[in-house]
Amino acid sequence: MMLPIGLAVVNQFKTQLGPENEGIASNLGKNIMLGIAYSASIGGMATLIGTPTNAILAAVVKELYDYSIGFNEWMLFGFPFALLLLFYCWNYLVKSANPLPKRLNLDDIKSVISNQLKSLGNMGFEEKIVLTVFGLVCFAWITRSFLLAKLFPQIDDTIIVLVGVVLLFILPSAQKKRADSRLENCRKDSLGRFDSLWRRFGFSRRL
């Protein structure tokens, strides 16, 4: 998910730095790409759902020792540790692996970022729905062990995420009619291509 964003940032910086700073642009691109890869691995340790191995460990501990590791309990250990590793990773990339100058003079970089943000426009209805549901799911994960468990003793992280997924399917979309129209056009186009391919091989449409 982050790879195309990183590539767009790298290309933007190459344009801003110009050919005279090709070495700096190359090191910056390497740091961004490697930073995405390293941060994905490091960030996975921050929360219980960061990687599947974390959930597997929690399940093994639950089965062997009858102890349930809460989302907030994991974060108390994993989040500070991940922050420490991220700082070390950033320091290693920009100072040792692919050194960068302390200051980069980029002309009109603020205006470029501002224009990119304006081109995104305001948040749509669907984006607000997803943000709200995701925020509620995160809140439920964090407060499950000391708040929600008192109200719903059988609740666990799996139930919380399933409720979030069901909500995303149930909640309406503001663009339903336009989506249905696109789906119908896609269906007609697919049938037309299939009919053309069917005739190309010499089969009768009645068959």
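Let me begin with Asn98, which touches Asn27, Lys30, Asn31, Leu34 and Leu93 when residues up to four places away in sequence are not counted, where touching, or contact, means heavy atoms within 4.5 Å. This is a predicted model, in which local features need pLDDT of at least 70 and side-chain atom pairs count only at pLDDT 80 or more, while totals for chains, interfaces and linings use all residues. Residues are numbered from 1 along each chain as its sequence is written, and side-chain values use heavy atoms, with hydrogens and water left out.

Asn98 lies in the loop between H4 and helix H5 (109-120); the helices (H or I, at least four residues) and strands (E, at least two) are DSSP runs, numbered from the N terminus. With a relative accessible area of 9%, Asn98 is buried, and here buried means under 20% relative accessible area, exposed means over 50%, and partly exposed is in between, with a 1.4 Å probe and protein chains only.

Now to the whole protein. How many helices and strands are there in the protein? There are 8 helices and 0 strands, and from the N terminus on the elements run α-α-α-α-α-α-α-α. Of the 207 residues of the protein, 21% count as buried, and among contacts between residues at least 6 apart in sequence, 63% join residues at least 24 apart.

Let us turn to the aromatic rings. Rings of Phe, Tyr and Trp (its six-membered ring) pair if their centres lie within 6.5 Å, and planes under 30 degrees apart count as stacked, over 60 as edge-to-face and the rest as tilted. By this rule the count comes to 3 aromatic pairs. In one of these, the ring centres of Phe71 and Trp141 are 5.5 Å apart and the planes stand at 15°, so this pair is stacked. The pair links distant parts of the chain, since Phe71 is in helix H4 (residues 71-97) and Trp141 is in helix H6 (residues 125-151), 70 residues apart. Both Phe71 and Trp141 are buried. Another pair is formed by Phe77 and Phe81, whose ring centres are 6.0 Å apart with planes at 15°, so that pair is stacked too. Phe77 and Phe81 both lie in helix H4, 4 residues apart, which is about one turn of the helix. Phe77 counts as exposed at 59% relative accessibility, whereas Phe81, at 36%, counts as partly exposed.

How do the two helices H4 and H6 lie? Their axes come within 7 Å and cross at roughly 115°, where axes are lines fitted to C-alpha atoms, for helices over the stretch in contact, and angles run from 0 to 180 degrees between N-to-C directions. That makes H4 roughly perpendicular to H6, given that angles under 35 degrees count as roughly parallel, over 145 as roughly antiparallel, 65 to 115 as roughly perpendicular and the rest as oblique. In this contact, Phe71, Asn72 and Met75 of H4 meet Trp141, Ile142, Arg144, Ser145 and Phe146 of H6.

Next, please look at Asn54, which lies in helix H3 (residues 52-65) and is buried, with a relative accessible area of 8%. A polar atom of the Asn54 side chain lies 2.7 Å from the backbone oxygen of Gly44, and the side chain of Asn54 also reaches the backbone oxygen of Thr47, at 2.9 Å. Leaving aside neighbours within four places in sequence, Asn54 is in contact with Gly44, Met45, Thr47, Leu48 and Trp74.

Asp66 has its place in the loop between H3 and H4. Most residues other than glycine have a negative phi. The phi of Asp66, however, is near 55°, a positive value in a residue other than glycine. Is Asp66 buried or exposed? At 61% relative accessibility, Asp66 counts as exposed.

Conventions: A polar contact is a pair of N or O atoms within 3.5 Å; within protein, one must be able to donate a hydrogen and the other to accept it, and residues adjacent in sequence count only if both atoms are side-chain atoms.
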